[in-house]
Amino acid sequence: MRTAYQYRLRPTSSQVSLMGEWLELLRRQYNYRLCERFSWYEQNRCNVNACPLICHLPDLKDNPDFYSQRIGIW
C-alpha cells in the first residue's frame with residue numbers, strides 16, 4: 001500500500017515567470033545576508049600571530065547569524 005503520493009507540476013507560462021521572479025528575489029536575499037556575515041567576519045577578525053600579548057580588543061559587533069537575520073518567517 002502506498003502512503004505517499006507524488007505530483008508532477010505543470011505550470012502555465014505566467015506561473016513559470018512568477019516562480020522565476022520569486023527565485024530571483026530569494027537568491028538576492030540569500031546573497032545579501034551571506035555578504036553581511038562575511039563583512040562582519042572581516043571587520044571583527046584579529047590575526048592571532050600579529051597580536052601582542054597584551055592588547056586592547058575592541059567590542060565586537062553583534063554577529064549576524066541565521067536567527068538574527070530571519071524576517072519574521074517563523
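**Labels and their grounds**

Modeller: Of the 74 residues of the chain, 5% count as buried. Please bear in mind that this is a predicted model. Its secondary structure comes to two helices and zero strands. The chain exposes about 7800 Å², and carbon and sulfur atoms supply 59% of that area.

Colleague: What makes the contact between Glu 24 and Arg 27 a salt bridge?

Modeller: The cut-off is a side-chain nitrogen of Lys or Arg within 4 Å of a carboxyl oxygen of Asp or Glu. The N to O distance for Glu 24 and Arg 27 is 2.5 Å, so the pair meets the definition. Both residues lie in helix α1, which covers residues 13-44, and they are three residues apart, about one turn of the helix.

Colleague: Why is Glu 24 called partly exposed?

Modeller: The label applies between the limits of 20% for buried and 50% for exposed. Glu 24 has 29% relative accessibility, and therefore counts as partly exposed. Arg 27 has a relative accessible area of 43%, so the label partly exposed holds for Arg 27 as well.

Colleague: Why is Arg 28 called exposed?

Modeller: The label exposed requires a value over 50%. Arg 28 stands at 52% relative accessibility, and therefore counts as exposed. The side chain of Arg 28 also meets that of Glu 24 in a salt bridge, at 3.0 Å from N to O. Glu 24 and Arg 28 are four residues apart in helix α1, about one turn of the helix.

Colleague: How many salt bridges does a search of the whole structure find?

Modeller: The search finds three. Besides the two already discussed, Glu 36 and Arg 33 meet at 3.3 Å, N to O; this value is within 4 Å, so the pair qualifies. Glu 36 and Arg 33 both lie in helix α1, three residues apart, about one turn of the helix. Salt bridges that share partners join Glu 24, Arg 27 and Arg 28 into one network.

Colleague: How do you know whether Glu 36 and Arg 33 are buried or partly exposed?

Modeller: Buried means under 20% relative accessible area. Glu 36 is at 25%, so it counts as partly exposed. Arg 33 is at 22%, and therefore also counts as partly exposed.

Colleague: Which residues make the nonpolar surface patch?

Modeller: Leu 18, Trp 22 and Leu 25 make this patch of about 350 Å². Leu 18 has its place in helix α1. A patch residue needs over 30% relative accessible area; Leu 18, at 45%, therefore passes that cut-off, and counts as partly exposed.

Terms used
Residues numbered from 1 in each chain as written. Predicted model: local features only at pLDDT ≥ 70, side-chain atom pairs only at ≥ 80, totals over all residues. Heavy atoms only, no water. Buried < 20%, exposed > 50% of the residue type's maximum accessible area, 1.4 Å probe, protein only. Patch = residues over 30% accessible without salt bridge, like charges linked within 9 Å, V, L, I, M, F, W, Y side chains within 5 Å. Areas by Shrake-Rupley, 256 points an atom, 1.4 Å probe, with all protein chains shown as cover.
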